[in-house]
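Please consult the sequence and structure below.

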Amino acid sequence: MSKRKILITGKGSYVGTNLIKWLEQWPDQYEVVELSVRGTDWKEHDFSIYDVVLHVAGIAHVSTDPSMEQQYYKVNRDLAIEVAEKAKEEHVKQFIFTSSIIVYGDSSHINKKRIIDKNTKPTPSNFYGNSKLQAEKGISLLESDDFKVVIIRPPMIYGKDSKGNYPKLASYARKLPIFPDIDNERSMLHIDNLCEFIHLMIKHNEQGVFFPQNAMYVRTTDMVRLIAEAKGRKIILIRLFNPVFKYMGKYMSIVNKVFGNLVYEHSMSEYEKNYRIRDFSESIIMTEK
């Protein structure tokens with residue numbers, strides 16, 4: 001059997017770098033190449049030799065500065081669609097696009113549950129989410145019998161050397177003697193679980209929109225406690241100031257970002273093969289070691 005050739009568009013990305021390492025488990029089955037899509041040189045690259053293109057290039061959710069809006073659309077939407085069009089023109093069989101749970105908007109207020117189910121309509125609350133959703137729509141229009149499109153909407157991705165919210169929470173766990181004991185629920189996805197999920201998408205030549213997540217929802221407090229334990233620290237969890245945090249949540253988005261609720265309904269994330277090869281406790285230990 002010949003090797004499946006995979007092109008990752010977006011050089012040095014967190015997901016792409018980890019997927020390359022992950023697929024090294026099957027050296028006889030997969031051959032992976034990374035391609036930078038900065039500038040215009042990528043347009044000269046021959047896509048016709050690949051079976052799969054995984055598009056991971058994009059600007060992360062780091063700024064709400066209005067001056068950045070056009071740049072987000074240029075990179076997250078226009079570039080993604082352009083890469084997909086080239087892949088289709090050059091007869092690539094499968095195109096995988098990494099979108100985000102953020103197409104459904106932000107997490108809820110600290111006091112309110114927020115469960116996304118199969119009937120929930122995407123309602124982006126900022127241009128980052130909207131740029132991802134518009135990219136999805138543009139790419140989906142290209143789908144045909146010969147060009148399968150996979151759109152993955154992962155929740156917060158974390159793991160060793162990850163960026164975003166996880167390192168911020170980990171810094172609290174390493175420094176603070178106490179932490180609020182607040183009940184909330186978040187969908188999260190460890191990088192190894194995501195890599196195995198992408199591997200299965202490729203292996204089974206899938207198409208459609210997918211919502212991978214860890215098997216269990218995560219409580220922010222439990223995550224901080226597990227990180228502290230992995231570092232050999234004891235952190236005291238207190239409920240004393242919970243009413244204050246709940247009041248602050250009305251006025252401060254950062255409180256809702258940390259302690260709000262945002263989950264996929266469990267059945268949305270089921271897949272016929274098991275991709276959840278790390279449970280939550282194990283994933284925290286692996287991330288912090």
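Does Met252 count as buried, partly exposed or exposed, and at what relative accessibility?

## Basis of the model

The model is predicted: local features need pLDDT of at least 70, side-chain atom pairs count only at pLDDT 80 or more, and totals for chains, interfaces and linings use all residues. Residues are numbered from 1 along each chain as its sequence is written, and side-chain values use heavy atoms, without hydrogens and water.

Met252 counts as partly exposed because its relative accessibility is 37% (buried is under 20%, exposed over 50%, partly exposed in between; 1.4 Å probe, protein chains only). Met252 lies in the loop between α7 (242–248) and α8 (253–259); helices (H or I, at least four residues) and strands (E, at least two) are DSSP runs, numbered from the N terminus.

With Tyr247, Tyr251 and Ile254, Met252 forms a nonpolar surface patch of about 460 Å² accessible area together. Accessible areas come from the Shrake-Rupley method with a 1.4 Å probe, and for residues only the protein chains shown count as cover. Patch residues have over 30% relative accessible area and no salt bridge (a Lys or Arg side-chain nitrogen within 4 Å of an Asp or Glu carboxyl oxygen); nonpolar side chains (Val, Leu, Ile, Met, Phe, Trp, Tyr) are joined within 5 Å, like charges within 9 Å.

## The parallel sheet

An open sheet of 6 strands has the order β2-β1-β3-β4-β6-β10, with parallel pairing (DSSP finds at least two bridges between paired strands). β2 and β10 (208–210) are the edge strands, each pairing on one side only.

Strands β1 (residues 4–9) and β2 (residues 30–35) pair in the parallel sense over 6 bridges, and Leu7 stands opposite Val33 in β2.
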